[in-house]
Amino acid sequence: MTQINAYPRTQGQPGARNHVFVLPSVVCSALVAAEIAEAAGATAVAHQHGCGHIGQDIVQTRALFAGLASSPNVAQSLVVSLGCETVQGRSVVDEIVRHGRDPHFVGIQDRGGSTAAREEGIRIARRLKALADAIERDAADASALTLGIVADRKDDRLADLVAHAVARGARVVLAGSDDADLSGLSEPPAPLAVGSEPGSSSLSVLAKDPGAQSARVLAVASCRPQVIVEFPAENQPPSSIALVPVVGVAAAGGLHAAIPGEFDIAADEAAVDIWAAVLDVFSGVPAKSELRNSTTFAIPRLLRTM
């Protein structure tokens, strides 16, 4: 068994990180959410979603929000709603509860305006931060790891990394572009929707390609991995996302050769080196993505609306 150190959870797998996540359910509440997070030492994100959605876009956005808030890397979550958005904050809370978590809620319109909602949110978030800070890392096994992998290029190390993780009892959630070669996988992957948690299969793949590098990383992050490994195209920089550390693996040429310091894994390192880095990051070593401190994201839209 490979021992690692992780934050224990009363529900689900242990976390590689211990965030208090302040989630705006709509772009209109993003500023209040950011102010709450800053005052409480929590983690917020900024996005342009939550309103103007129709049909399956509503379902996907709500599922992605709930998937991020249900991450093992999230100790506590607070949903900040405006009140008139399409993707209602309370419906996001209900979806998080369905995943077995205990989210909290503050509504700007419910509280009579931004100032009162901000003050209430800060009180809640500070209490949640105190609860999270009381959790200490404890020994766990690599079989408690769900590893996300996002591939936007062909790389011989990808299949070896999957085999290495699966052999040690870890689950793998995979997303790949048309340029990635997934033919060498050790077993057929099970299809997985955005925001869903992997089932009994050791290997799952996103059933629908989100269509862009950053969107793949975000979609995989919503499926509960504690750590993500990314193989970006050699003309693209490595990605960053709040909540889930992303271990960037460099290619030999292109842009990657010009910015080697932005990657955790060099082009000449092997799959076993990537796995060792994943275990280190899981146990608390910062990934390069975390040093960039990105808190923005964009969800791919299924339907074009104004």
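Which residues have the most contacts inside the largest nonpolar core? Before I answer, a word on the source: this is a predicted model, in which local features need pLDDT of at least 70 and side-chain atom pairs count only at pLDDT 80 or more, while totals for chains, interfaces and linings use all residues. Residues are numbered from 1 along each chain as its sequence is written, and side-chain values use heavy atoms, with hydrogens and water left out.

The answer is F21, L64, F65, L68, I228 and F297, in a core of 36 residues. By nonpolar core I mean a set of buried Ala, Val, Leu, Ile, Met, Phe, Trp, Tyr and Cys residues joined through side-chain atoms within 4.5 Å, where buried means under 20% relative accessible area, exposed over 50%, and partly exposed in between, with a 1.4 Å probe and protein chains only. Two or more residues come from each of β2 (19-24), α2 (56-69), β4 (74-81), α3 (89-98), β8 (171-176) and α6 (213-221), and α2 gives the most, with 6 residues. These elements are DSSP runs numbered from the N terminus, helices being H or I of at least four residues and strands E of at least two.

F297, leaving aside its neighbours within four places in sequence, is in contact (heavy atoms within 4.5 Å) with V45, A46, H47, H49, L64, F65, L68 and L218. Apart from this core lies another, of 35 residues, with L147, L161, L185 and I265 among them.

Let me turn to the helix pairs. The axes of α2 and α3 come within 9 Å and cross at roughly 55°; axes here are lines fitted to C-alpha atoms, for helices over the stretch in contact, and angles run from 0 to 180 degrees between N-to-C directions. That angle makes α2 oblique to α3, given that under 35 degrees counts as roughly parallel, over 145 as roughly antiparallel, 65 to 115 as roughly perpendicular and the rest as oblique. The crossing is right-handed, meaning that the near helix is turned clockwise from the far one by less than a right angle, anticlockwise being left-handed. R62, F65, A66 and A69 of α2 meet S91, V92, E95 and I96 of α3. E95, in helix α3, counts as buried at 17% relative accessibility, and its contacts beyond four places in sequence are R62 and A66.

In the second pair, the axes of α5 (residues 157-167) and α8 (residues 271-282) come within 8 Å and cross at roughly 50°, which makes α5 oblique to α8, and this crossing is right-handed. R157, D160, L161, H164 and A165 in α5 meet A271, V272, I274 and W275 in α8.

L145 sits in the loop between β6 (138-141) and β7 (146-151) and is buried, with a relative accessible area of 0%.

N293 has a positive phi near 55°, lies in the segment after α9 (288-292), and is exposed, with a relative accessible area of 59%.
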